[in-house]
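Welcome! Take a moment to turn the model around on your screen before you read on.

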Amino acid sequence: MANMHEIKERIKSVSDIKKITNAMYLISSSKLKKARKDLDATEPYFYKLLYAMRSILSRVPEEADELEFFNERPEIPPEKRSQLLIVITADKGMCGSYNHNVIQKAESMIKETGMNYLSVMGQVGRMYFQRLDKKDNITLDKSFFYTTQNPTLYRARSIAEEILERFSSGEVDDVYVVYTDLQNGAEYEVRTQQILPLDVTHFVKSDSDVTKHHEAEFYPDIEAVMRHLIPNFVKGLIYGTMVESFCSEQQARMSAMDSATTSAKDMLHTLSLQYNRARQAAITQEISEVCSGSEAQNSGGNF
């Protein structure tokens, strides 16, 4: 058993850690309130945007498949297709398995194609994939230094313009975003959303949700309408994923710090019991030594 001095040092160390984890819990809780407010304001727009785009795409004539952002480039075999992954991680750790789950999802997608371009938001994911850069057919965009803190439409617009330009130039054939979706206020799920090329099936949960409406009339023509509509749609889609991810990150960090604080309290309780036992043992030993000395002295005096 450790002596009392060692136990006291451990109690002090665990107490300091508990103060830090509790402070981080309170900070994450405060940030989560703001993030949830932004999410509640964004979600109706986000889902309405998906519904509107799904409705428009279901009315697009078949010849629209030859348009710039609808072209799936079927002549390129799957093993030679280039995909761009926008991976949204956190800027900091201490949020449980949040970053690990996102990185694991991105890595599983990387193995499926021949060439991959990564645009990583968040310092944790960027540092991880920098070690894999130029390996396993991965090219990390070094200029893509976007933070995940406090998402803005301006940042989403910059990202949307960049990926649309790279798709139009033929540099990439598919564009995906890997993000986290907050489920029921306490849990989150890592999701993958294909952005380009545009297809109505990318924005529904199952094929049965696709309803083919009668063709609509586009003025002045479908190409002009899509040239104006798609950049705004991609910007809104990116912004929605950024807000969802930031809110999920704060929820994950708050839960992790709450669990860490609870574990620290349990550890302090265990250490306190150990300290009391050690103190009682020391007191018992001192009493035994006093009694033994007294008996020895009495025995010596009688002799």
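**The whole protein**

This is a predicted model, in which local features need pLDDT of at least 70, side-chain atom pairs count only at pLDDT 80 or more, and totals for chains, interfaces and linings use all residues. Residues are numbered from 1 along each chain as its sequence is written, and side-chain values use heavy atoms, with hydrogens and water left out.

The protein has five helices and five strands; helices (H or I, at least four residues) and strands (E, at least two) are DSSP runs, numbered from the N terminus.

Of its 303 residues, 41% are buried. Buried means under 20% relative accessible area, exposed means over 50%, and partly exposed lies in between (1.4 Å probe, protein chains only). The accessible surface is about 17000 Å², and carbon and sulfur atoms account for 52% of that surface. These areas come from the Shrake-Rupley method with a 1.4 Å probe, and for residues only the protein chains shown count as cover.

The structure holds zero disulfides, a disulfide being a pair of cysteine sulfur atoms within 2.5 Å.

| Residue | Relative accessibility |
|---|---|
| Cys 95 | 3% |
| Ser 119 | 1% |
| Cys 247 | 0% |

**Helix α4**

Helix α4 covers residues 153-168, 16 residues in total, and spans 22 Å from its first C-alpha to its last. That is close to the expected 22 Å at 1.5 Å a residue, where the expected span is 1.5 Å times one less than the number of residues. Its buried residues are Arg 155, Ala 156, Ile 159, Ala 160, Ile 163, Leu 164, Arg 166 and Phe 167. Seen down the axis of α4, they fall within an arc of 165 degrees, so they line one face of the helix; the arc is that of the directions from the helix axis to the C-beta atoms. An α-helix has 3.6 residues a turn, so residues three or four places apart point the same way. The face turned away from the buried side of α4 carries the exposed Tyr 154 and Glu 165. After α4 comes Gly 170, with a positive phi near 85 degrees.

**Ser 119**

Ser 119 lies in strand β2 (residues 115-121). Which residues does Ser 119 contact, leaving aside its neighbours within four places in sequence? They are Leu 84, Leu 85, Ile 86, Val 87, Asp 141, Phe 144 and Arg 166. Arg 166 is also one of the buried residues of α4.

Note on methods:
Contact = heavy atoms within 4.5 Å.
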